[in-house]
Amino acid sequence: MKHVAANEVTIRPIYRGGKVLVVAGSDPVAGAGLQADLKAITALGGYAMTAVTAITVQDTVAVSRVVALPAELVEAQILAVLNDPGADGIKLGMLAERGIVAMVIRVLASHPRLPVVADPVLAGGGEEGGGAALLTQEALELYRDDLLPLVTLLTPNLAEAAKLTGLSVHSEADMARAAQQLQQMGAKAVLIKGGHLEGDEVVDLLATVTGLTRFVATRIPGPVCHGTGCTLASAVAARLVQGCDLVQAVADGIALVRQGIRHSLNPGRGQRLLSPCCRSSG
Ligand code: PLP
């Protein structure tokens, strides 16, 4: 029989502080959704908590079912966590339907000091706008009109920016215009992700009250990975509640996504999955 002195085995702790409440849908493959959020926040040494908005049934190829939970049940989860142990910030992912968006608006309005990072999840499947609807049309209108003004940072991709603004967003100049419009619609800051544009460089554009910041990186070749949007927004939320300024938080978020893409897995028949949980250098 082997003997292991278990009390001498140590795992290096990485907890750096910062509690983030994730309000998002479940992806059973754990490529996207709240499972990806948990991984991203944990990878950066934050503490992630979740309020589940919806159950999706999906594999690496397609989303086959979406069931939103009752808004009252989602609200009960949020209020329980905000009451005890409390959160330093909130990350919003898939909100599914109008009742949940309306409830989130109410809760955020009564917690005006909490930073809120919102990834406007509209469609699943990872393809730009091509997958199953993860937010209904009537919910989108409420999101645009009443939720945006409560958001600290909004992180749309090109398709999401186009849907929210009604503009066509196919170039960096379009991204700048869309970001400005989203700010006029109430979002304090907007990060438009340019990963779906062609080219050897990927440009993400951050618009804040002080102006634009361009984040430029060499494109990592290969197929699109599932979960990049969730991972980026959660990583930024984690860094913000750990005390980083917005530019540093976004830079760290992009770094985590790129690390996740470099170490991505191809375990199924469809999309590659991010793997951000290796140790970050920061
Ligand atoms: N949340 C859930 C539950 C999803 O199923 C998806 C995509 O399928 C997303 C969020 C968004 O994923 P991504 O990070 O690839 O934009």
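Close-up 1. The model is predicted, with local features requiring pLDDT of at least 70 and side-chain atom pairs counted only at pLDDT 80 or more, while totals for chains, interfaces and linings use all residues. Residues are numbered from 1 along each chain as its sequence is written, and side-chain values use heavy atoms, with hydrogens and water left out. Helices (H or I, at least four residues) and strands (E, at least two) are DSSP runs numbered from the N terminus. Helix 1 spans residues 33-43 and is largely enclosed by the rest of the structure, because 8 of its 11 residues are buried (under 20% relative accessible area, 1.4 Å probe, protein chains only; exposed is over 50%, partly exposed in between). The buried residues are Gly 33, Leu 34, Gln 35, Ala 36, Asp 37, Ala 40, Ile 41 and Ala 43. They pack against strand 1 (19-26), strand 2 (47-58), strand 4 (89-92), helix 7 and helix 8, where contact means heavy atoms within 4.5 Å.

**Close-up 2. Helix 7 against helix 8.** The axes of helix 7 (residues 228-241) and helix 8 (residues 246-262) come within 8 Å and cross at roughly 140°; axes are lines fitted to C-alpha atoms over the stretch in contact, and angles run from 0 to 180 degrees between N-to-C directions. The two helices are therefore oblique to each other (under 35 degrees is roughly parallel, over 145 roughly antiparallel, 65 to 115 roughly perpendicular, the rest oblique). Contacting residues include Leu 232, Val 236 and Arg 239 in helix 7, and Val 250, Asp 252 and Ile 254 in helix 8. By class, this contact has 11 nonpolar, 3 polar and 2 charged residues (Ala, Val, Leu, Ile, Met, Phe, Trp, Tyr, Cys and Pro are nonpolar, Asp, Glu, Lys and Arg charged, the others, Gly among them, polar).

**Close-up 3. Helix 5 against helix 6.** Helix 5 (residues 158-165) packs on helix 6 (residues 172-184) at an angle of about 50°, with axes 10 Å apart. Helix 5 is therefore oblique to helix 6. Leu 158, Ala 161, Leu 164 and Thr 165 of helix 5 meet Met 175, Ala 178, Gln 181 and Leu 182 of helix 6. These residues divide into 6 nonpolar, 2 polar and no charged.

**Close-up 4. Surroundings of Lys 193.** Lys 193 lies in the loop between strand 7 (189-192) and strand 8 (201-208). Lys 193 counts as buried because its relative accessibility is 11%. Not counting residues up to four places away in sequence, its contacts include Asp 119, Glu 160, Asp 204 and Leu 232.
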